[in-house]
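Thanks for coming. I will take a few minutes on one model and go through it part by part.

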Amino acid sequence: MAIIFFVWFALAAILCSLTAISAKESESKEFVLTLDHSNFTRFVTHHNFVVVKFYAPWCRHSQNLAPEYEKAASVLSNHHPPIILAKFDADDEANKYLAKQYRIRGYLTVKIFRNGGQMIQEYRDSRRANYIVEYLKEQISTASVEIKSAEDASGFYCGSYREVFGEALGL
């Protein structure tokens with residue numbers, strides 16, 4: 001009987017320690033991808049939408065954004081399609097030529113690369129995770145929807161002409 005109790009106790013202890021290890025791994029998982037001179041161009045050219053934070057480790061603005069950027073990356077990793085947030089140490093000597101190529105003149109700079117880097121836009125909005133998430137979701141969403149039937153159109157009611165423009169036209 002004592003042996004059975006000992007075996008159950010040992011199994012329970014192992015299970016508890018595995019659960020604790022698993023919880024620590026999920027808490028420490030990083031969602032922000034780290035890019036550098038060796039992988040930046042290849043990565044950006046192979047993706048349609050990538051957000052890159054050009055930072056310097058010593059910069060206070062960069063340090064302040066880091067946890068908010070990580071939170072946003074965590075949320076956006078579950079988006080379909082996933083929205084990729086990356087970081088690039090623009091102050092690292094090996095990375096400086098790429099930072100110069102993308103006209104990084106100050107820290108912190110965040111840029112959105114679209115269509116494999118063919119279109120580049122600077123992000124200048126809020127530095128709070130929830131605003132970053134909403135802004136990027138809007139940026140990646142479809143700007144228009146094809147309506148193929150009257151049934152499809154019924155879900156897009158914007159109000160009548162009179163409701164929408166009535167006050168402005170004095171109707």
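I will start with the overall layout, then move to the rings, the cavity, a hairpin and some backbone details.

First, the ground rules. This is a predicted model, in which local features need pLDDT of at least 70 and side-chain atom pairs count only at pLDDT 80 or more, while totals for chains, interfaces and linings use all residues. Residues are numbered from 1 along each chain as its sequence is written, and side-chain values use heavy atoms, with hydrogens and water left out.

The protein chain has 7 helices and 5 strands. Helices (H or I, at least four residues) and strands (E, at least two) are DSSP runs, numbered from the N terminus. Along the sequence the pattern reads α-β-α-β-α-β-α-β-β-α-α-α. The protein chain has 171 residues, and 28% of them count as buried. Buried here is under 20% relative accessible area, exposed is over 50%, and partly exposed is in between, with a 1.4 Å probe and protein chains only.

Now the rings. Rings of Phe, Tyr and Trp (its six-membered ring) pair if their centres lie within 6.5 Å; planes under 30 degrees apart are stacked, over 60 edge-to-face, and the rest tilted. By that rule there are 10 aromatic pairs. One of them is Phe54 with Tyr102: the centres are 6.5 Å apart and the planes stand at 35°, so this pair is tilted. Phe54 is in strand S2 (residues 49-55) and Tyr102 is in the loop between helix H4 (96-101) and strand S4 (109-114), so the contact ties together parts 48 residues apart in sequence. Are these two residues buried or exposed? Phe54 is buried, at 0% relative accessibility, and Tyr102 is buried too, at 15%.

Tyr102 also pairs with Phe113, this time edge-to-face, with 5.3 Å from centre to centre and 85° between the planes. That pair again links distant parts of the chain, since Phe113 is in strand S4 and Tyr102 in the loop between H4 and S4, 11 residues apart. Phe113 is buried, with 1% relative accessibility. Taken together, ring pairs join Phe40, Phe54, Phe88, Tyr102 and Phe113 into a cluster.

There is also a charge over a ring, which requires NZ of Lys or CZ of Arg within 6 Å of the ring centre and within 35 degrees of the ring normal. The charged end of Lys53 sits over the ring of Tyr55, 5.2 Å from the centre.

Next, the cavity. On a 1 Å grid over the protein atoms alone, a cavity is a set of points where a 1.4 Å probe fits but cannot get out, and lining residues have an atom within 4 Å of a point. Grid points are joined across faces, edges and corners, and the volume is the space filled by probe spheres set on the points. How many cavities of 30 Å³ or more does the structure hold? The count is 1, and the largest cavity has about 50 Å³ of space. Its lining consists of Val51, Leu65, Tyr69, Val110, Tyr123, Arg127, Ile132 and Leu136. Helix H3 (60-76) and helix H5 (129-140) are the elements that give two or more residues to this lining.

On to the hairpin. Strands pair if DSSP finds at least two bridges between them. S4 and strand S5 (residues 119-123) run antiparallel and are joined by 5 bridges, with Lys111 opposite Glu122 in S5. The two strands form a hairpin with 4 residues between them. Asn115, in the loop between S4 and S5, has a positive phi of about 50° although it is not a glycine. At 38% relative accessibility, Asn115 is partly exposed.

Last, the other backbone details. Arg103, in the loop between H4 and S4, also has a positive phi, near 55°, without being a glycine. Arg103 is exposed, at 59% relative accessibility.

Which peptide bonds are cis? One joins His80 and Pro81, with omega about -5°, and Pro81 is in the loop between H3 and strand S3 (84-89). Another runs from Tyr107 to Leu108, with omega near 15°. Leu108 is in the loop between H4 and S4. That loop also holds Arg103.

Technical notes:
1 Å grid on protein atoms, 1.4 Å probe; cavity = no way out; pocket = protein on both sides within 12 Å on 5 of 7 lines; lining within 4 Å.
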